[in-house]
Amino acid sequence: MAIGVVAGIVLAAIVALIGLFKLMWRVAEPNEALVISGSTHKTEGLGQGMGFRIVTGRGTLVLPGVQAVRKLSLDLNETQLSVDCVTHQGIPLRVKGVVIFKVGDDLVSIANAARRFLDQQKMMPERVHIVFAGHLRSIVGGLTVEDMIRDREKLTGQTRMACGTEMEKLGLIVDSLQIHEIEDPTGYIKNLAMPHAAAVQRDARIAQAEANRLATEAEQAAFARMAEATRDSEILQAGYQAERDKAAATARQAGPLSEAAARQEVVVQETRVAELEAHRREQQLQADVRKPADAAAYETRTRAEAERDARISAAQAKARETELAAAAEATRVTTAATADAQAVEARGIASAKATRATGEAEAAATQARGLAEAESAKAKGLAEAEAIKARAAALAENQEAVVAQQLAENWPAIVEAGAGAFGNVEHMVLLNGAEGMSEMFAKALTMGGTGLGVARQLLASMGQTPPSGTPSPAAPPVNGRIPIREE
């Protein structure tokens, strides 16, 4: 029991000692100084009988009730300056700036500041403002506006030097003094700057004009180079376009040229086929027409010669007359045939010239086709000419057949010409009724028969040798036969 009481007392005593220690122990923060008063204490650098002790950056024991502990802040402080001043020239100005200050770190400065601001630390900025305002007015009064503008650092240095002694007495040090602005309510500074501003503006305008001139020259040179490049590009493009057009034209002509070549080959083959066909037709005509016609003509000629020999003695006188008429008719026929031949020849020449001119104007393919068609037409014409020649020879051998064929072909015209004699008769009286009508038509037909006899005699006389002085026919006889052109 006693042990417990003793332990409790000891524990209480320990707690009490701890509490008392905490109550007596004071520690100074890095940004503060402890000012302990209530006992005599000699501080280095301070005079005797100060009656307080200064502690910074460490702890110390303070006797409660005997000693008093107060704190002095060592933090930075600032005050804004706005001071109305008058320069050496009498020009009113307002100087604005800022002062950054603090309590000095040495014990003398802390002691001086403690004596003056320990209970009035919030009044420090106001007191500092008063000190700096007075010295600033004094310094500005000895300077000109030009000095203040050109050498503001001089103003700042002189102000700090002038305020240094008083700030030291207050236990304060100035960390920074900055003059922010100098206001000129009279406009002196503005007017002072006008000549310089005008000169600067002038130089700026000159520089701008020079820059504009250089820029314009550069732009013009660039435009010229662009135009030159554009010209060169257009020239190159035109050359390339010409090459492309040439290649395209060559490509476009390749198809028609190949087609023309193919057509030319086709025309050549067709021409060969036409020549073979004409040759075949010629051979066919030889076999189908000429040889039978020669045989028939030989037979007809033999019979005609026999009949002619029988009639020679009876019609000698009339033969002479018929011969003369036949010669005249032959001359007429020859002349007509010559004219027709010349007309045909002229037409052929004109057609050939037109075909030739057209063929020369057309392309090579059209020329080849025209030549092929001309060859084909020539082959066809030769074949037809041979056929007509054979027919004319056959008809020349058989005069009777010629007359009969011509009369048969023109019989309607002959009958119409015979009936033309009655065309102007308004009234015709027929005797014997139907017999009279038959007799009249018989007479008209007899006229056609008489014409048949005259034609026979004419053809017979033309088959004989023409007498001297009689003009020869336009075309010579072929194998004793007179060729007749069929329209």
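A: Strand S3 (residues 52–56) is largely enclosed by the rest of the structure, because 4 of its 5 residues are buried, that is, under 20% relative accessible area with a 1.4 Å probe, protein chains only. Strands (E, at least two residues) and helices (H or I, at least four) are DSSP runs numbered from the N terminus. This is a predicted model, in which local features need pLDDT of at least 70, side-chain atom pairs count only at pLDDT 80 or more, and totals for chains, interfaces and linings use all residues. Residues are numbered from 1 along each chain as its sequence is written, and side-chain values use heavy atoms, with hydrogens and water left out.

Q: In what order do the strands form the open sheet?

A: Strands of a sheet pair through backbone hydrogen bonds, either parallel or antiparallel. Here the order is S3-S2-S5, with antiparallel pairing; two strands pair if DSSP finds at least two bridges between them. S3 and S5 (68–73) stand at the edges, each with a single partner strand, so one side of each lacks a neighbour in the sheet. S2 (residues 32–37) is joined to S3 over 5 bridges and to S5 by 6. Ser37 lies opposite Phe52 in S3, and Leu34 opposite Lys71 in S5.

Q: At what angle do helices H3 and H5 pack?

A: Two packed helices are described by the angle between their axes and the distance between the axes. H3 (residues 124–141) and H5 (residues 152–169) pack at about 135 degrees, with axes 9 Å apart; axes are lines fitted to C-alpha atoms over the stretch in contact, and angles run from 0 to 180 degrees between N-to-C directions. The two helices are therefore oblique to each other, the class left after roughly parallel (under 35 degrees), roughly antiparallel (over 145) and roughly perpendicular (65 to 115).

Conventions. Buried means under 20% relative accessible area, exposed over 50%, partly exposed in between (1.4 Å probe, protein chains only).
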